[in-house]
Amino acid sequence: LNHTGGRVADLSGFNYHFNRILSGQDPLDSEYFQERSSARNLHKVEIPTYFGCDWKFFGLHLRGAFMGWEGIPESTPKKMLIGPESKPRRPFALYHGEALRWYDHYLKGMDSGVWDGSPINIYIEGEDTWRGENEWPLARTEWQKLYFSGNDELTENPGSSGEARYTMDPGTQATRLGEPKLVFRTEAFSSPVEYTGPMAMYLTATSDVDNTDWFVFIKDEAPDGSMRLLSRGMLRAQHRELDSAKSQPWRPWHPHTALAPVSPGEATEYVIEIIPTCNLFLEGHRLRVEISSCDPDTDLIYTHEPLPRVVTNTVHTGQGGSYLLAPHIPR
């Protein structure tokens, strides 16, 4: 049972509205869910709060940790820890010791040392080390625009304008594998490069239908061709409307309260939120971006079904085209 605002939530009402979303009858956010959302009340939190997750849980909890950190008042004592994937995933045994220190401090009055060091502790993937930080996003972030070029490159130099195109046929074996997809990569890094923070993709594209899905995957590609999935983002085209008051260049805010059909054949801009990540790309590695209209069938819980229609999407590249806003951290 969810206890909200002094009332126990009506589960029958919740199931009714939730099933309407699943069936596609009501694809929008509604007052029913908004008035029950904790996000609307984060500014009221006064008790000490500890946010935590791991970088691999971008399918569910990771975004919430950062939204909670940003949402509660600065005057509220708060900490955050984002670490490596806990194995087994549940019951998150890797972090039980830290939780115990927190409760020992606040429930037993013990000097557990939980407040020693920085308020934020993050695990640097690729380097496999921990680092303390004081704010999020990191104040020293150098925001880079990495443009998609017509020759499958990801570069700060946009070059001449071009196009990259694919046709997705849902229900096929290729779709279940996440194909077809467009791939863009940086040059192999000549020295270690760190990207830590939220990302956003500014995608300019043309579709031959009035709605489509966009899935974006951020990967670390090693010299031998092996890859690690770092994060992802997704957006249904008709949900592209932005709330300008809540949006940041590095984190668009889609209210999901109205549909905006796409005009077939007309270039449209989509700003796609990508869940924050933290990775040191070692020498010889590349930052790899994959764009598709289907989610590969790799996870029974977090895989999303694409719209059941054939679609041809054309991504605009080069000058005036699409780019990734990436959080480069100087080292």
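User: Where is the place of Pro-137?

Analyst: Start with the terms. Helices (H or I, at least four residues) and strands (E, at least two) are DSSP runs, numbered from the N terminus. Here, Pro-137 sits in the loop between strand S6 (129-133) and strand S7 (142-148). A cis peptide bond joins Trp-136 to Pro-137, with omega about -10 degrees. This is a predicted model, where local features need pLDDT of at least 70, side-chain atom pairs count only at pLDDT 80 or more, and totals for chains, interfaces and linings use all residues. Residues are numbered from 1 along each chain as its sequence is written, and side-chain values use heavy atoms, leaving out hydrogens and water.

User: What is the mean pLDDT of the protein?

Analyst: pLDDT is the predictor's confidence in each residue, from 0 to 100. The mean is 92, and 94% of the residues reach 70 or more. Over residues 1-9 the pLDDT is below 50.

User: Does Asp-128 count as buried or exposed, and why?

Analyst: Buried means under 20% relative accessible area, exposed over 50%, and partly exposed in between (1.4 Å probe, protein chains only). Asp-128 counts as exposed because its relative accessibility is 52%. Asp-128 lies in the loop between strand S5 (120-124) and S6. Its phi is near 60 degrees, a positive value in a residue other than glycine.

User: What about phi of His-256?

Analyst: Phi of His-256 is near 55 degrees, also positive in a non-glycine residue. His-256 is in the loop between strand S13 (227-236) and strand S14 (268-281). At 32% relative accessibility, His-256 counts as partly exposed.

Technical notes. Contact means heavy atoms within 4.5 Å.
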